[in-house]
Each structure stands twice: as structure tokens, then as C-alpha cells.
Amino acid sequence: MPTPHYGQPRYRVIAEELRERIESGVIPPGALLPAESALTAEFQAARGTVRQAIAALREAGLVATEHGRGTYATWRLRECGLAEGSETETQQRQVAADAELAALFAVEVGAALVEQQSLTRTNGAVGAVVRTYRLLQVKQ
């Protein structure tokens, strides 16, 4: 089906709209993107088209997808003042909430959290270390 967006593939139009929402802060870093079903309804697009759009955002480093959690906006390298072409390593581990994290998440000290650390290097030198925390999702 032809698109009214001057020959651009539909998935790129959707990706660009979502990119704008992320860059403007409508979808802040760490926030989940709407579910695929919600995006298919909003953009009146096939599920495969929405998945292509999300894949394009993932390639651009704007989102990450975790099995069982969904797709969420990530910190962008530009926000950290880093050059294009920087390399980022991401590690994830389970940690116990200390007093400060417990207060922020409104949980007991020692509650299980997931810590994600992203380490960005430019020409081998560390440019940024970003740690994010979220509640551990227990599968039922």
C-alpha cells in the first residue's frame, strides 16, 4: 500500500514519530514505549511494520527491548555529550535495594532490583557510565 509520506516506507514514518517523542521527552529515558498492539492501532499499521520501526530505533540506540519487560527508551549518547561512533557496553545484574533506592521505589531495604550499567568509550577512553535501576519483575 502506498504511503502519503513522500515515498518513505511506513516503518520509517512510525520510527521518526517515536524518535521525536523520545527526543522531546514525551517518552523519557527508562519509560516503556506503548505496547505493539497500541502502536498498531494508533498508526493503523501491521504488527510487522511496527516491529520494523522499533528495530530501527533499537539500531539507532534510542530504545532497548527486554524479554518479559517490553521496549523502553534509553539514554542517548548525544545527551552525554559523546561523539558519534562511540562504543557502549551494557551489563545487567540483580542487586538489593539500599536505603536510598528503597525509598525511591517505595520498597523495603533489600528488595530485588535490576541494575543496568552502560559504559561508553570514545577512542578507548571512558566517556560516561550510566546506571539505571528498575524493580525485578517476577514471572508468575
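## Surroundings of S118

In this predicted model, S118 touches T88, E89, T90, A128, V129 and V130, when residues up to four places away in sequence are not counted. S118 itself lies in strand β4, which covers residues 112-122.

Is S118 buried or exposed? Its relative accessibility is 17%. Buried means under 20% relative accessible area, and S118 therefore counts as buried.

## Overall organisation

The protein chain contains four helices and five strands. Read from the N terminus, the elements follow the order α-α-α-β-β-β-α-β-β.

Of the 140 residues in the protein chain, 31% count as buried. Among the contacts in the protein chain with a separation of 6 or more, 49% are made by residues 24 or more positions apart.

## The nonpolar cores

The largest nonpolar core comprises 17 residues. Those with the most contacts inside this core are I14, L18, I22, L39, F43, L57 and V63. Three helices each supply at least two residues of the core: α1 (10-24), α2 (36-43) and α3 (47-59). Which element gives the largest share of this core? That element is α1, with five residues.

One of the residues with the most contacts inside the largest core is L39. When its neighbours within four places in sequence are left aside, L39 is in contact with L18, P34, Q44, V50 and I54. A second, separate core has five residues, including V95, A97, A102 and L113.

## The packing of α1 and α3

Two packed helices are described by the angle between their axes and by the distance between those axes. For α1 and α3, the axes come within 8 Å and cross at roughly 55 degrees.

Grouped by class, the contact of α1 with α3 has seven nonpolar, two polar and two charged residues.

Conventions
Residues are numbered from 1 along each chain as its sequence is written. This is a predicted model: local features need pLDDT of at least 70, side-chain atom pairs count only at pLDDT 80 or more; totals for chains, interfaces and linings use all residues. Side-chain values use heavy atoms; hydrogens and water are left out. A nonpolar core is a set of buried Ala, Val, Leu, Ile, Met, Phe, Trp, Tyr and Cys residues joined through side-chain atoms within 4.5 Å. Buried means under 20% relative accessible area, exposed over 50%, partly exposed in between (1.4 Å probe, protein chains only). Contact means heavy atoms within 4.5 Å. Axes are lines fitted to C-alpha atoms, for helices over the stretch in contact, and angles run from 0 to 180 degrees between N-to-C directions. Ala, Val, Leu, Ile, Met, Phe, Trp, Tyr, Cys and Pro count as nonpolar, Asp, Glu, Lys and Arg as charged, and the others, Gly among them, as polar.
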